Amino acid sequence: MADERETRQVRAMFISDVHLGMKPTRVGQLTEFLRAHDAETIYLVGDIVDGWRLAKAWHWPNEYNVLVNLLLEKANAGTRIIYLPGNHDEFLREYLGTYFGEVEFVDRTVHTTATGKTYLVIHGDQFDVVVMNAKWLAHVGDWAYNAALRVNIAINWVRRRLGLQYWSLSAWAKQKVKNAVSVIGRFEEALVHEARESGVDGVICGHIHFADMHDRLGIHYINTGDWVESCTAIVETTDGNFELIKWTEMMAGEPRRFRLRKADRSVAS
């Protein structure tokens, strides 16, 4: 299905935390988003594949292949794709500094905007004290997050029947629980400190599934969010500005702005 408007051209696109292998993901929406945008560079900012989940139970439906093929088609058509592994796809860190087809694997990189500003791009788990020092606790947290997602399925089934929009239990908890807010704050402080030490103007990361952009700590902090629930991404426009895209809200609240190309056509001009 497509409307008559053109695909949006952007300089760069930043996507993280897709978690392929985790059953409650928004892969269809991500594919739609990618068809609606063409970028010079796509940064896959970690946890695209969920190795933790796949090691427990293999789950790889055909919609995952559609997404992967779409990314590879974009790469073959000239889009630069940079993959920065996270903690859930840490097995890919064995391939840092190498290429898979046209996809480059790095631990971190610096992105330069159209206006000349520089941004450290990194998944962010390297600055998560739980992941680094108590990995077993990180796995417990992963289990709890999956449990919340299962509860959310039932909640949102009822909400759809009532004509209400999607609601996230985990996002609500992050905003309301004091300890969660504190953890997010410490994570942001650690990433901003690393950006300052690296001599850049900002930092772009993922990991905590909490999309945000702000300058509160003196460095431009950008978090891409996730495609498990939030369906968020960051784009740099052609004039060098950043936008936080909330794809589900955009599609629910506005007419479609871009032509969505059919699956059997090329995705890059």
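# A tour of the aromatic pairs and the core

Start with the aromatic rings: this predicted model has 8 aromatic pairs.

**Stop 1: Phe33 and Trp227.** Select these two residues first. Their rings form a tilted aromatic pair. The centres are 5.6 Å apart, with 40 degrees between the planes. Now trace the chain from one partner to the other. Phenylalanine 33 sits in helix α1, residues 27-35. Tryptophan 227 lies in the loop between β10 (220-223) and β11 (232-236). The partners are 194 residues apart, so the pair links distant parts of the chain.

Buried or exposed: which describes phenylalanine 33? Phenylalanine 33 counts as buried because its relative accessibility is 0%. Tryptophan 227 also has 0% relative accessibility, so tryptophan 227 counts as buried.

**Stop 2: Trp60 and Tyr64.** Select this pair next. Check the cover on each partner. Tryptophan 60 is partly exposed, because its relative accessibility is 26%. Tyrosine 64 has a relative accessible area of 1%, so tyrosine 64 is buried.

**Stop 3: a ring cluster.** Select Phe14, Tyr43, Tyr119 and Phe242. Ring pairs link these four residues into a cluster.

**Stop 4: around Trp227.** Return to tryptophan 227 and show its surroundings. What is tryptophan 227 in contact with, leaving aside its neighbours within four places in sequence? Its contacts include Ile15, Ser16, Asp17 and Val18. Also among them are Thr25, Arg26, Gln29, Leu30 and Phe33. Thr232, Ala233 and Trp247 are on the list too.

**Stop 5: the largest nonpolar core.** This core has 33 residues. Select Met13, Ile15, Val18, Phe33, Leu34 and Trp227, which touch the most other members. Phe33 and Trp227 are the pair from the opening stop.

Next, colour the elements that build the core. At least two core residues come from each of β1 (8-15), α1, β2 (37-44), α3 (62-76), β3 (80-83), β5 (103-105), β11 and α8 (247-253). Which element gives the largest share? Helix α3 does, with 5 residues.

**Stop 6: the whole protein.** Zoom out and switch to a cartoon view. The protein has 8 helices and 12 strands. Buried residues make up 50% of its 269 residues. Of the contacts with a separation of 6 or more, 68% are between residues 24 or more positions apart. Finish with the surface. The protein exposes about 13,300 Å², and carbon and sulfur atoms supply 55% of that area.

Terms used:
Residues numbered from 1 in each chain as written. Predicted model: local features only at pLDDT ≥ 70, side-chain atom pairs only at ≥ 80, totals over all residues. Heavy atoms only, no water. Helix = DSSP H or I, 4+ residues; strand = E, 2+ residues; numbered from the N terminus. Buried < 20%, exposed > 50% of the residue type's maximum accessible area, 1.4 Å probe, protein only. Contact = heavy atoms within 4.5 Å. Areas by Shrake-Rupley, 256 points an atom, 1.4 Å probe, with all protein chains shown as cover. Phe/Tyr/Trp six-rings, centres within 6.5 Å; stacked < 30°, edge-to-face > 60°. Core = buried A, V, L, I, M, F, W, Y, C linked by side-chain atoms within 4.5 Å.
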